[in-house]
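Please find my notes on the model below, as numbered points.

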Amino acid sequence: MAVMERLRAPDGCPWDREQTFESIAPYTIEEAYEVADAIERGDLADLKDELGDLLLQVVYHARIAEERGAFDAGDVARAAVDKMVRRHPHVFGDAEAADWDAIKAAEKVARRAERAEAGIAEPAPSLLDDVPRPLPALTRAEKLQARAARVGFDWPDARLVLDKLTEEAAELREAAAAQDADAVEDEFGDLLFVMVNLGRHLRVDPESALRRANAKFTRRFGHIERALAAQGRSPDTATLADMETLWAEAKQLEKNET
């Protein structure tokens with residue numbers, strides 16, 4: 001906090017002084033992803049650094065809030081502690097077990113009461129209200145679906161989701177054939193949404209699955225580049241057929257290794 005206070009002082013760093021909640025929010029999200037990446041790679045030394053970078057983001061937001069007279073880093077820490085204690089009455093109190101849904105529902109009621117007392121108007125509450133909008137789209141889709149499933153708005157099994165997937169793929173094909181750009185985007189989104197739902201039914205995290213696919217693509221494309229380099233060539237001078245042959249070779253090598 002002292003370092004951040006110094007950076008944002010009148011004679012501190014010009015760049016740091018001009019930052020706002022909004023301008024650094026993308027960096028906060030990026031740092032969270034870098035933490036996840038270090039964990040996925042099993043690099044604990046890198047994880048230490050990335051956790052520090054993420055902590056710095058918390059400090060940054062807290063400092064801006066303190067300058068505006070809203071709250072400070074101590075308030076942030078106390079709020080986290082209070083929440084953990086409140087949500088674990090079976091650990092910090094006499095309850096047999098924590099009813100998380102009931103506790104969170106009570107917290108929502110309390111927050112609404114506080115906002116109403118402060119004169120802040122709110123729309124009618126929805127079951128989906130507390131699914132954060134800034135989440136990555138795939139993650140938010142999964143959370144929206146899971147929330148709706150709590151009240152029974154869900155397919156009973158994965159087979160029906162697969163049927164819906166086929167239906168949405170056909171609709172996307174029709175939109176593409178009609179060259180309707182708006183409809184294509186709409187149907188493409190529907191297809192992704194159903195894919196997320198399928199993942200939920202199959203207990204597959206969409207973000208994790210896509211990261212795995214990204215890593216696979218990167219690994220196999222790297223094989224293409226290395227193989228071409230050994231021939232004194234590069235991807236931009238190779239034909240698609242050449243690269244597809246090397247891609248198949250990379251897949252076979254991975255199969256042999258397993």
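1. V58 is found in helix α4; helices here are DSSP runs of H or I with at least four residues, numbered from the N terminus. At 41% relative accessibility, V58 counts as partly exposed. The classes are buried for under 20% relative accessible area, exposed for over 50%, and partly exposed in between, with a 1.4 Å probe and protein chains only. Together with L55, F71 and V76, V58 makes a nonpolar surface patch of about 320 Å². Patch members have over 30% relative accessible area and no salt bridge; nonpolar side chains (Val, Leu, Ile, Met, Phe, Trp, Tyr) are joined within 5 Å, and like charges within 9 Å. The areas come from the Shrake-Rupley method with a 1.4 Å probe, and for residues only the protein chains shown count as cover.

2. On the basis of the values: this is a predicted model, in which local features need pLDDT of at least 70 and side-chain atom pairs count only at pLDDT 80 or more, while totals for chains, interfaces and linings use all residues. Residues are numbered from 1 along each chain as its sequence is written, and side-chain values use heavy atoms, with hydrogens and water left out.

3. Helix α3 takes in residues 21-41, which is 21 residues, and its first and last C-alpha atoms are 30 Å apart, close to the expected 30 Å at 1.5 Å a residue. The expected span is 1.5 Å times one less than the number of residues. In α3, I24, E31, V35 and A38 are buried. They cover an arc of only 65 degrees around the axis, so they sit on the same side of α3; the arc is that of the directions from the helix axis to the C-beta atoms. Exposed residues E22 and P26 are carried on the face turned away from that buried side. The cover over the buried residues of α3 includes α4 (44-67). Just after α3, G42 has a positive phi of about 70 degrees.

4. Helix α8 (residues 137-149) has 13 residues and should span 18 Å at 1.5 Å a residue; the end C-alpha atoms are 18 Å apart, which agrees. Its buried residues are L138, T139, R140, A141, L144, Q145, R147 and A148. Among the elements covering them are α7 (100-117), α10 (181-201) and α11 (206-230).

5. Which residues does R200 touch, not counting residues up to four places away in sequence? They are E142, Q145, A146, A149 and D154, where contact means heavy atoms within 4.5 Å. R200 is found in helix α10 and counts as buried at 18% relative accessibility.

6. R212 has its place in helix α11 and counts as exposed at 64% relative accessibility. The C-alpha atoms of R212 and E40 are separated by 9.8 Å, although the two residues are 172 residues apart along the chain.

7. The structure holds 16 salt bridges, each defined as a side-chain nitrogen of Lys or Arg within 4 Å of a carboxyl oxygen of Asp or Glu. One of them joins R220 and E254 at 3.0 Å, N to O. This pair links distant parts of the chain, with R220 in helix α11 and E254 in helix α12 (residues 240-257), 34 residues apart. Both R220 and E254 are buried. Elsewhere, salt bridges that share partners join R8, R63, E66 and E67 into one network.

8. E167 and K164 form a salt bridge whose closest N and O atoms are 3.0 Å apart; both lie in helix α9 (residues 158-177), three residues apart, about one turn of the helix. E167 is partly exposed at 38% relative accessibility, and K164 is partly exposed at 23%. R6 forms a salt bridge with D11, with closest N and O atoms 3.1 Å apart. R6 counts as partly exposed at 45% relative accessibility, whereas D11 counts as exposed at 55%.

9. Backbone check. Most residues other than glycine have a negative phi. Q179, in the loop between α9 and α10, has a positive phi near 55 degrees and is exposed, with a relative accessible area of 71%. R203, in the loop between α10 and α11, is not a glycine but has a positive phi of about 60 degrees. R203 is exposed, with a relative accessible area of 79%.

Note on methods
Helix = DSSP H or I, 4+ residues; strand = E, 2+ residues; numbered from the N terminus.
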